[in-house]
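Please look over the sequence and the structure shown here before reading on. The briefing that follows is grouped by topic.

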Amino acid sequence: TMTFNDGLIDPMQVDADLVVRFGQLQDSSHLIARKLMGQERIICGSPEYFERYGVPAIPEDINNHHCIVGTGDGPPQHWALRIGEKSRMLTPPATHRLSDGESIVEMAAAGFGLCQMPVSLVRSKIDQGRLVPVLESYADVEVDIHLMWLRGASLAPRVRYFIDRLVEHAESGDLG
């Protein structure tokens, strides 16, 4: 069984063999983490949204826009930007708060505001012309993607096989 959940879960508490986590890891001595890759985060909105509200030109312009962000137990509430040589966290005005990354992307594509998500979650909407990236020169701060499982767990052969294939695809660049 495969379950999708954007909340921060502990595999021990939900009886999961494996967890894929986007973002910073919390200190958990009972887990093994294997970094798969880093992925750029993109700020984007729909063409209709930009027609109505304009396109932000600098990070400070975000304060004058509708923003779709995560919740405390879901996707991030803060956005990461590169300003000069430094990475900076920005807290956008939270016009809408959702606990699910796909819902955030769909809401942005429907014209409700801007979002910042890993490129893999918005690429298809960008290719379809439903989302348009903005502030691209500020958006080169990557989010790490890790596989996590319980330390000392005897992994079923099918789980070990899945881990090995994901790592293989990540190393060859096929997951981006």
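Helices (H or I, at least four residues) and strands (E, at least two) are DSSP runs, numbered from the N terminus. This is a predicted model, in which local features need pLDDT of at least 70 and side-chain atom pairs count only at pLDDT 80 or more, while totals for chains, interfaces and linings use all residues. Residues are numbered from 1 along each chain as its sequence is written, and side-chain values use heavy atoms, with hydrogens and water left out.

**Helix α4**
- Within α4 (residues 119-127), V119, V122 and K125 are buried.
- Seen down the axis of α4, these buried residues fall within an arc of 130° (taken from the directions from the helix axis to the C-beta atoms), so they line one face of the helix.
- Just after α4, G129 takes a positive phi of about 80°.

**L135**
- L135 lies in the loop between β8 (132-134) and β9 (142-150), and its phi is near 55°, a positive value in a residue other than glycine.
- L135 counts as buried, at 7% relative accessibility.

**Confidence**
- The protein chain averages a pLDDT (the predictor's confidence in each residue, from 0 to 100) of 82, and 79% of the residues score at least 70.
- Confidence in the protein chain is highest in helix α2 (residues 47-53), at a mean of 98, and lowest in helix α1 (residues 11-14), at 52.
- Where pLDDT is low, the predicted coordinates should not be read in detail.

Key
Buried < 20%, exposed > 50% of the residue type's maximum accessible area, 1.4 Å probe, protein only.
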